[in-house]
Amino acid sequence: MTEIAELIKADSLMPDMPGKDTVNRCLASPTLQATPHATLAVGRMLARLAWKQGHIDLDEEEVVKELRALWGPASAVEPLGRPAGEWDASALGVSAAITAPSHDREAQLPDQPAYIARNHDRDLAKVLEDVQQGTSRVIVLHGNAATGKTRACWEAVRTLGSTWRLWQPLGGEGLAEVEHVGPRTVVWLDEIHQYLLTPGTPDGERLAAALQGLLDDAERGPVLIVGTTWQQEWGVLTGAVKGRKETPRAHALLSGNGILLSHAFTTDGDMRGLGEAAKSDSRLAQAAERAEGGQVIQYLAGGPAQLDRYRSAPDGARAVIEAAMDARRLGFASSLQQSLFVQAAHGYLTDQQLDALAEDWLDQALEWASEPLRGVPGPLTRMRPRPGTPSLSEPHYRVADFVEEHGRTMRGTTQIPEALWDAMIAHATDSNDIERLVESARSRSHFGYLVQLRQKQVAAGDHSGLSDLWMTLDRADEWERAAELLGFEAEVGSAEACLLLAEEAAEAGDSEEQETWLRKARDLGSWQARTELAELLAERDAEDPESRELIAEVEAAAPEDEEAAAALVYRRLHVDSARGASCPERLRREADAGDAWAAFMLSYALEDQGAWSELEELLLRMTRDRDASAMSRLVALLKGQGRYAAATEVLKEAVEQGMSAAEVPLIGMLKEAGEAARVVESAAGYAEARLRSAIGDGDKHAVTELLKLFILTDRHDEIEGFLAAQHPRSPEITGWSQVLREAGLDAQRMALHRKRFEAGDSESALELFYSSRASEQDVQPLIDELRHRSDAGDLWALCIQSLIAYYTGAEHAEVLMRRSISCGNALPKVMLLTLLTRPGREREHDQLLRYGLAPDGRTADPFV
């Protein structure tokens with residue numbers, strides 16, 4: 001770059017004298033980064049150098065002429081988005097505010113009330129400061145509905161200045177267009193979970209990877225990716241919610257890049273700011289006076305008014321609002337068709353209520369539910385297509401965020417009517433909708449609905465759920481139906497069906513039939529079929545050249561092809577685990593190349609072989625790569641050989657590397673070795689300081705290690721203080737409870753669970769029940785509180801209530817367990833099946849296993 005810049009500078013006839021950085025941008029940037037004259041100068045010099053060095057015979061003037069012709073069209077291409085200052089708040093999703101009282105409307109207040117800066121705005125300002133200094137950042141504001149997330153983002157973006165653009169991708173546009181995002185662009189992802197959580201398709205993970213690539217590309221920076229999401233979805237995106245499918249790329253993109261918004265105005269600064277702003281805006285004055293619990297933003301967004309309208313709704317309107325809330329909490333799209341309400345709403349009405357309605361009751365109900373309230377939308381809003389987008393074939397509606405969150409919270413223990421399930425299956429066409437509905441059906445043991453959804457998916461040509469459909473039919477002993485399905489799909493070209501038929505052949509011991517289907521799946525483009533075929537051929541002949549060629553094909557494609565990479569993972573999970581001991585050489589090569597999985601598999605292969613020296617060397621290498629599990633195994637290996645000094649050295653080295661998991665074992669080793677009390681005390685003091693520092697740096701594991709340290713050093717007062725200082729809803733509590741259990745500190749463990757239960761976490765009630773079940777006087781208040789929470793929509797409360805009823809032999813236990821399962825918490829299913837093993841109910845037991853439950857909790861009938 002420097003040479004080209006110097007050559008241009010030496011030529012006085014050049015139209016411009018671009019420096020090294022400009023030359024670099026001209027050659028490497030995906031967008032126009034220089035003036036036309038600078039671009040022409042670089043092009044002319046490249047043509048001259050190519051001619052002089054004999055690479056290619058280019059005419060300088062022809063090159064310049066061609067560049068000049070291309071510059072016009074290229075410069076005319078509008079960059080993504082438009083100037084940030086041109087965007088209107090409502091177009092970006094900022095909620096409208098309530099209207100002013102009638103006597104103040106002459107004041108002509110602005111559309112949005114004055115903005116009141118709060119704690120999260122200071123954190124957001126630091127992110128924007130980084131961006132303005134040239135660092136690309138991603139930041140997501142997360143919290144409950146109607147807490148001001150989108151407004152806070154909009155206010156922050158407005159400070160960036162007139163040189164910044166803002167791009168808001170619509171629909172599936174994001175993935176295709178991210179690569180065209182240029183410098184000084186805000187990528188606006190309101191409700192970012194809708195972009196990144198795409199069950200059943202890799203689109204969300206691919207978009208996360210593209211966004212990470214945008215952040216890492218210095219040539220396109222600085223950029224700001226800003227998003228909002230609800231608290232529950234934030235937990236899924238960052239891996240904090242257990243039992244959900246992982247999104248590793250979204251997790252890597254967003255972890256550490258979130259700001260939590262408080263649900264209310266709680267600090268003195270919040271209230272002072274509100275009081276000052278209220279002097280000039282009657283809407284804020286009204287909110288300050290009437291908002292309960294400091295929920296000012298919710299009041300301004302009309303949340304309480306929307307809920308009041310729902311609660312006071314006539315029967316028909318209440319039915320459509322509840323159908324909409326339930327559809328959303330099951331995972332249906334935010335836009336709900338009117339015909340869905342036609343099919344579903346009657347499931348929310350009794351026969352008497354339905355008979356009393358007018359002929360046009362549904363039209364009246366939708367009009368009533370979507371009527372604006374004091375300038376903000378009603379519980380439902382009719383969607384209007386944007387200019388340039390396809391028109392809608394029928395009216396579509398969206399549920400207000402505040403109403404939707406109320407539905408998720410308060411209707412968690414309400415069973416979904418059969419009419420709504422039928423309507424959702426009939427209207428679901430989007431693959432993401434279908435996947436979310438499938439998971440909702442599965443979590444409720446509604447296997448019949450799962451089959452219908454998967455059949456609809458397969459009939460539309462999407463075979464991603466074919467394996468799930470086949471296994472569900474197989475579990476129900478619907479073998480003929482399953483075989484017919486696979487045979488048909490295989491004949492029409494489904495690689496997934498061919499793989500399943502190959503699996504069937506393998507279980508039957510027919511390797512020739514297995515090979516036939518694997519080859520057909522391979523020919524249909526399946527990477528997994530290549531790996532399975534390779535292993536089948538290798539089993540017959542370890543030196544089979546086709547086997548090696550197939551694996552080489554997959555490995556070559558894996559870096560660029562996600563399906564090929566997944567096939568390699570599948571091979572390792574299903575083949576290496578079974579054959580690891582018989583193929584250590586390949587594992588050695590891969591482990592030496594830095595493959596952590598191969599090292600993990602090799603360690604167990606060596607352990608099975610008793611190759612202790614090599615195992616020790618491997619585990620030490622893994623420990624130095626900060627593998628805490630390998631460290632624990634290495635220490636156990638050395639101690640088992642009586643080499644306590646060597647084990648201590650391993651732990652000391654790990655501590656020096658900053659591995660918090662080594663701190664407590666090291667103190668334990670010192671105590672076991674009989675070191676003087678002052679030595680142990682001094683080491684524990686240093687360990688505590690390091691652990692507290694690690695906690696300050698965000699190391700969650702260090703918190704548990706600090707608790708272990710207090711227990712190991714008999715500092716019971718510190719344990720009490722430690723537990724009192726922790727947040728009662730911390731996800732780490734389960735781990736702390738286990739540590740306390742192992743230490744025999746049952747009183748402290750129960751105090752921890754009591755604190756957690758009193759903070760609203762009903763799951764802890766089971767531990768409290770176990771500790772107090774000997775006394776009916778202690779158990780009854782617990783049951784009463786669980787019943788109260790269950791009535792308020794707490795599904796965990798219903799689940800634990802059903803389990804306690806089962807353990808105490810209560811007559812209503814079965815009813816509660818069926819209700820819990822059909823509402824989405826399947827924990828009591830094992831106990832329900834146990835009940836059904838009693839004499840006379842064996843047939844129902846088998847039917848429940850095969851077909852699951854109906855929406856009302858009854859054992860489902862066989863599939864239609």
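**Close-up views of a predicted chain**

**View 1. Helix H25 and its surroundings.** Helix H25 is followed by Gly493, whose phi is positive, near 100 degrees. The model is a predicted one: local features need pLDDT of at least 70, side-chain atom pairs count only at pLDDT 80 or more, and totals for chains, interfaces and linings use all residues. Residues are numbered from 1 along each chain as its sequence is written, and side-chain values use heavy atoms, with hydrogens and water left out. Helices (H or I, at least four residues) and strands (E, at least two) are DSSP runs, numbered from the N terminus. H25 covers residues 479-491, 13 residues in total. From first C-alpha to last, H25 reaches 18 Å, close to the 18 Å expected at 1.5 Å a residue. That expected span is 1.5 Å times one less than the number of residues.

View 2. Which residues of H25 are buried? They are Ala482, Leu485, Leu486, Glu489 and Ala490. Down the axis of H25, these buried residues fall within an arc of 125 degrees, so they line one face of the helix. The arc is taken from the directions from the helix axis to the C-beta atoms. Buried means under 20% relative accessible area, exposed over 50%, and partly exposed in between (1.4 Å probe, protein chains only). The face turned away from the buried side carries exposed Glu480, Glu484, Phe488 and Glu491. Cover for the buried residues of H25 includes helices H23 (447-459), H24 (466-475), H26 (495-507) and H27 (511-523).

**View 3. Gln337 in strand S7.** Gln337 lies in strand S7, residues 336-337. Is Gln337 buried or exposed? Its relative accessibility is 13%, so Gln337 counts as buried. Contact means heavy atoms within 4.5 Å. Leaving aside neighbours within four places in sequence, Gln337 is in contact with Phe332, Glu394, Pro395, His396 and His427.

View 4. Side chains of opposite charge can pair when their charged atoms come close. A salt bridge here is a side-chain nitrogen of Lys or Arg within 4 Å of a carboxyl oxygen of Asp or Glu. Arg329 and Asp326 form one, at 2.8 Å from N to O. Both lie in helix H16 (residues 315-330), three residues apart, about one turn of the helix. Arg329 and Asp326 are both buried.

View 5. Glu614 and Arg588 form a salt bridge, with their closest N and O atoms 2.5 Å apart. The pair links distant parts of the chain, 26 residues apart. Glu614 sits in helix H33 (residues 612-624), and Arg588 in helix H31 (residues 584-592). Glu614 is partly exposed, at 29% relative accessible area.

**View 6. Helices H41 and H42.** The side chains of Arg749 and Glu767 meet in a salt bridge of 2.8 Å, N to O. Arg749 lies in helix H41 (residues 746-758) and Glu767 in helix H42, so the pair ties together parts 18 residues apart in sequence. Arg749 counts as buried, with 7% relative accessibility. Elsewhere, salt bridges that share partners join Glu515, Arg519, Arg522, Asp523, Arg540 and Glu546 into one network. In helix H42 (residues 765-772), the buried residues are Ala765, Leu766, Leu768, Phe769 and Ser772. Seen down the axis of H42, they fall within an arc of 160 degrees, so they line one face of the helix.

**View 7. A nonpolar surface patch.** Trp597, Phe600 and Tyr604 make a nonpolar surface patch of about 260 Å². Patches consist of residues with over 30% relative accessible area and no salt bridge; like charges are joined within 9 Å, nonpolar side chains (Val, Leu, Ile, Met, Phe, Trp, Tyr) within 5 Å. Accessible areas come from the Shrake-Rupley method with a 1.4 Å probe; for residues, only the protein chains shown count as cover. Phe600 lies in helix H32, residues 596-609. Phe600 is partly exposed, with a relative accessible area of 34%.

**View 8. The loop at Gly658.** Gly658 lies in the loop between helix H35 (644-656) and helix H36 (663-672). Gly658 counts as partly exposed, at 45% relative accessibility. Its C-alpha is separated by 9.3 Å from that of Leu691, 33 residues apart along the chain.
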